[in-house]
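Welcome! Here is a short tour for anyone meeting this structure for the first time.

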Amino acid sequence: MSFEGQSILPAVRSMKDFDKMLKTSFQYGVFLDLHVGMLKSVFDYAKKEKRNMFLHLDLIHGLSSDEYATEYICQEIKPYGIISTKGSVIKKARQRGIYATQRIFVIDSSAMKRSIELIHKTDPDYIEVLPGVVPKIIREIGEKTGKPIFAGGLIDTVEEVEASLEAGATAITTSNLDLWKYYDRKNLTN
């Protein structure tokens, strides 16, 4: 699935960052590090602004990232998608019709093997590969799973973004504001 030409998915760590995202052309992004008490108002605001936001469930403060929390989030908050390292969360989000992204950390060949096995069990809509600066890993996971891939973590330069995209990543998740500015279509047309 394409994100309307977006190659960057802004990873938003604060409301100040979300306000910066609202000044861009990006329609899709990721919320990180939210407090459970803010979820409803933050997602209502995002929907009002016509932004489709993924929620990184593992990074919500005050809420355990398990299938019960996933059920609650899917019913009450209704994010565009959920990101998690936990297979049970991915399965529950898929059951509830929410786009599910399996986040994996590939630190060695053993982690790669376990991650691919997990992906085959959970059947996520997307995979987020961290660190995203290793094109070989992005290419290999894409080939072995057939799933669209987000590359995230440690991507700091335009060259690293381009290398990840060239290796097959669908999009790059980043909180790097300089990369947001560089890839924002509003800025490209001004």
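The notes below go from the overall build to one helix, the cores and the salt bridges.

This is a predicted model, in which local features need pLDDT of at least 70 and side-chain atom pairs count only at pLDDT 80 or more, while totals for chains, interfaces and linings use all residues. Residues are numbered from 1 along each chain as its sequence is written, and side-chain values use heavy atoms, with hydrogens and water left out.

**Overall build**
- The protein has nine helices and eight strands, taken as DSSP runs (helices H or I, at least four residues; strands E, at least two) and numbered from the N terminus.
- Its radius of gyration is 16 Å, close to the 16 Å that the globule rule gives for 190 residues, so the protein is as compact as a globular protein of that length; the radius is taken over C-alpha atoms, and the rule is 2.2 Å times the number of residues to the power 0.38.
- Buried residues make up 48% of the 190 residues, where buried means under 20% relative accessible area, exposed over 50% and partly exposed in between (1.4 Å probe, protein chains only).

**Helix H2**
- In helix H2 (residues 39-48), the buried residues are Leu39, Val42, Phe43 and Ala46.
- Seen down the axis of H2, these fall within an arc of 90°, so they line one face of the helix; the arc is that of the directions from the helix axis to the C-beta atoms.
- They pack against helix H1 (15-22), strand E2 (28-31), strand E3 (52-56) and helix H3 (67-77).

**Nonpolar cores**
- The largest nonpolar core has 45 residues, and Phe31, Leu55 and Ile141 have the most contacts inside it; such a core is a set of buried Ala, Val, Leu, Ile, Met, Phe, Trp, Tyr and Cys residues joined through side-chain atoms within 4.5 Å.
- H2 gives the most to this core, with four residues.
- Apart from it lies another core, of twelve residues, among them Phe3, Val30, Tyr126 and Phe150.

**Salt bridges**
- There are eleven salt bridges, each a side-chain nitrogen of Lys or Arg within 4 Å of a carboxyl oxygen of Asp or Glu.
- Lys40 and Asp44 form one of them (3.6 Å, N to O), and both lie in H2, four residues apart, about one turn of the helix.
- Glu128 pairs with Arg103, their closest N and O atoms being 2.8 Å apart, and both residues are buried.
- Arg94, Asp123, Asp125 and Lys147 are linked in a network of salt bridges.

How values were computed:
Contact = heavy atoms within 4.5 Å.
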